[in-house]
Amino acid sequence: MTGSPARSEPPDDEALRVDDVLMTERAAEGDEDAFAVLVRRHAPALLRLAARLLGNRTEAEDAVQDAFVSAWRRLPEFRGGSSFATWMYRIVTNRCLNVLRARRPQAPLNDLPDLPAPAHVTAPDRITEGRAALHDLREALATLSPEQRTCWTLRTLDGRSYAFIAKTVGISEQAVRARVFRARRRLTHTLGAWQ
Amino acid sequence: MNNRPPETRTDPDDETLPCGRLLSRVWADWEDAVHDDHTAQCAHCRPAVADLERLESRVRALDAEPAQTSFDAASVVDRVMDTVRLELRPGRPLPLGDAAEDLRIMENAAARVLRRAAEEVPGVRAGSCRLTPGATTVEVALSVRAPLTTPDVRAVAQEVRRRVHEAADRRLGLRLGAIDVRVTDLVAEAAPHREEESSG
């Protein structure tokens, strides 16, 4: 992979990893102060991950909040087969995947309210090229399936390996490759205007 | 790299370029930094790679914009901990002092005091601390990490046991039976967490 995307994880620090194991053991036994340490330490990276997956800050904050609360409830059963960071990454990713799935219209005949016009139509002078490009990207991402979008985001924006993504999402590595490929195909096609 | 796309087209969304190569294959080669003479010179493969490179570099540039990276993490932390504090797991009640006194302390509160006592031994960090009430006493199973440089691990474990016993006796009035201290790891350096912990 060329380039080095900024991964949504805390610094790779041996001391912090050891401390995470201790704090996870304590939190699993009901020590909420230890859990607070973990939440403070991992929230920023997980928020970045969720925002990348969902493209919406409020939804990202809600997803991360729900994921941590769910983790607190499941901690007594956590056996430490993976690190707390990896475990949380998985919970947040799958939470976001569900949010993306719920976004898709359940029935095509639902009455939908009129959406406001995109900002770059209503305020042409103040729009930077970057913002317009971001808008285009969001629109293009919205055309991907939740699964394609998730796999592509973890691969391209979060720089994860296909094997890691396969484990996180719970599908085969081959399926991850196919989804990332289809997402790229669609995005290069849709964003052809950027050329 | 394993599980690379096949040579022949299996995905209906894939495309066979006019040169005969599969688009999925060309992109996988680019991603895995596999170079061959064909791709470097092919009039079909090169634009296909350029398309993908352009996409990847543009989305990363957008991703790195400050508006994309600033979050109110503190408010998320607060909201999480507000919910957690409504769903505390204090553990079992443990007997304090003599049976006749009918006093109890919750397992989690006692464990917190005992972990702290263990950590008074220089360089020691405490993890799991399980307390099991017996007929007249409470048994402790405590796991600790000691510094890699510890010259005498057994002495450290004994010192931990002594401090735990003392704290249980003097600070809690908890009558301990067996104190099982497990040194689960020897670690290179102490983790910088104390200030973090006390502020919450």
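In what order do the 3 strands of the open sheet in chain B stand? The order is S3-S4-S5, and the pairing is mixed. Keep in mind that this is a predicted model.

Start with the edges of the sheet. Strand S3 (125-133) and strand S5 (176-187) of chain B each have a single partner strand, so one side of each has no neighbour in the sheet. From one strand to the next, the twist averages 15 degrees.

Now look at how strands join. Strands of a sheet pair through backbone hydrogen bonds, either parallel or antiparallel. Strand S4 (residues 138-147) of chain B pairs with S5(B) in the parallel sense, over 9 bridges. To find one point on S5(B), look for B:Asp180, the bridge partner of B:Ala141.

Next come the helices on this sheet. Helix H7 (residues 153-172) of chain B packs on the sheet and touches S4 and S5 of chain B. Its direction makes about 140 degrees with that of S5(B). Another helix comes from chain A. Helix H1 (residues 14-28) of chain A lies across S3, S4 and S5 of chain B. H1(A) runs at about 20 degrees to S3(B).

Follow H1(A) to its meeting with helix H2 (residues 32-54) of chain A. The two axes come within 7 Å and cross at roughly 135 degrees. That angle is why H1(A) counts as oblique to H2(A). The crossing of H1(A) and H2(A) is left-handed.

Which residues of H1(A) and H2(A) meet? From H1(A) come A:Asp20, A:Met23, A:Thr24, A:Arg26 and A:Ala27. From H2(A) come A:Ala34, A:Phe35, A:Val37 and A:Leu38. By class, this contact has 6 nonpolar, 1 polar and 2 charged residues.

Methods:
Residues are numbered from 1 along each chain as its sequence is written. Chains are lettered from A and ligands numbered from 1 in the order in which they are written. This is a predicted model: local features need pLDDT of at least 70, side-chain atom pairs count only at pLDDT 80 or more; totals for chains, interfaces and linings use all residues. Two strands pair if DSSP finds at least two bridges between them. Helices (H or I, at least four residues) and strands (E, at least two) are DSSP runs, numbered from the N terminus. Axes are lines fitted to C-alpha atoms, for helices over the stretch in contact, and angles run from 0 to 180 degrees between N-to-C directions. Two residues are in contact if their C-beta atoms, placed from the backbone, lie within 7 Å. Angles under 35 degrees count as roughly parallel, over 145 as roughly antiparallel, 65 to 115 as roughly perpendicular and the rest as oblique. A crossing is left-handed if the near helix is turned anticlockwise from the far one by less than a right angle, and right-handed if clockwise. Ala, Val, Leu, Ile, Met, Phe, Trp, Tyr, Cys and Pro count as nonpolar, Asp, Glu, Lys and Arg as charged, and the others, Gly among them, as polar.
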